[in-house]
Amino acid sequence: MQEIYFAGGCFWGTEHFFKQVQGVTATETGFANGSPDLPAPTYEQVYTDATGYAETVRVCYDESAVSLAFLVQMFFAAIDPLSLNRQGHDTGTRYRTGVYYTSPEQKAVIEAVFAEQQRKYNEPMQVELLPLQNYYPADEYHQDYLDKHPDGYCHLPKQLFEWARQQRGGQVPE
């Protein structure tokens with residue numbers, strides 16, 4: 001099993017999106033790449049935008065069933081890569097977008113997908129590509145939120161979840 005970390009705006013929708021992808025074995029909402037002076041931040045602390053943390057989803061996946069490149073392509077299908085510190089109606093640095101890797105091998109794969117995605121735009125993407133510096137799980141209330149609250153708030157359209165369920169590796173359709 002492998003893991004990768006995606007910051008895609010509000011983590012409720014990002015987690016639910018990746019749970020639909022075949023080959024993803026587990027997801028967890030949490031906070032990543034924030035101030036080392038504040039280990040294990042609470043949601044309330046991160047919500048102030050003063051901690052440097054981003055709402056992030058840890059995605060565990062079976063690399064024999066789904067590739068990292070495919071997961072990063074799926075991530076781009078679920079975000080607006082040109083928005084800085086905003087996804088949908090959610091604004092603030094905690095809602096920034098990013099992919100946080102844990103090895104040089106992951107970085108090379110992600111860089112290739114980023115370059116492919118950047119060719120689609122005339123302006124620079126606002127998506128971080130950084131090593132994972134720190135990560136802390138969110139409390140239980142935020143785990144599997146949309147499974148517990150199917151009509152709960154989400155910045156992603158519900159049809160995107162169905163679309164994600166239908167994807168089967170390879171190239172993500174344009």
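1. Basis. This is a predicted model, in which local features need pLDDT of at least 70 and side-chain atom pairs count only at pLDDT 80 or more, while totals for chains, interfaces and linings use all residues. Residues are numbered from 1 along each chain as its sequence is written, and side-chain values use heavy atoms, with hydrogens and water left out.

2. Sheet. An open sheet is formed by 6 strands, ordered β7-β6-β1-β3-β2-β8, with mixed pairing. Helices (H or I, at least four residues) and strands (E, at least two) are DSSP runs, numbered from the N terminus. Two strands pair if DSSP finds at least two bridges between them. β7 (127-131) and β8 are the edge strands; each has a single partner, so one side of each lacks a neighbour in the sheet. On average, neighbouring strands are turned by 30° against each other, direction ignored.

3. One pair in detail. β6 (residues 97-101) runs parallel to β7, with 5 bridges between them. G98 has E128 of β7 as its bridge partner.

4. Helices on the sheet. α1 (residues 11-19) packs on the sheet and touches β1 (2-8), β2 and β3 (54-61). Its direction makes about 165° with that of β2. α3 also packs on the sheet, touching β1, β2, β3, β6 and β7, and its direction makes about 15° with that of β1. Contact means heavy atoms within 4.5 Å. Axes are lines fitted to C-alpha atoms, for helices over the stretch in contact; angles run from 0 to 180 degrees between N-to-C directions.

5. Cores. A nonpolar core is a set of buried Ala, Val, Leu, Ile, Met, Phe, Trp, Tyr and Cys residues joined through side-chain atoms within 4.5 Å. The largest has 40 residues; I4, F6, F17, F18, V21, L71 and F76 touch the most other members. Helix α3 (residues 68-77) gives the most to this core, 7 residues. A separate core has 6 residues, including Y5, A32, Y100 and Y135.

6. A138. This residue sits in the loop between β8 (135-137) and α5 (145-148). A138 is buried, at 9% relative accessible area. Buried means under 20%, exposed over 50%, partly exposed in between (1.4 Å probe, protein chains only). Not counting residues up to four places away in sequence, A138 touches F11, T29, G30, F31 and Q143.

7. T42. The loop between β2 (24-32) and α2 (43-47) holds T42. T42 is partly exposed, at 36% relative accessibility. From T42 to F31 the C-alpha distance is 8.9 Å, across 11 residues in sequence.
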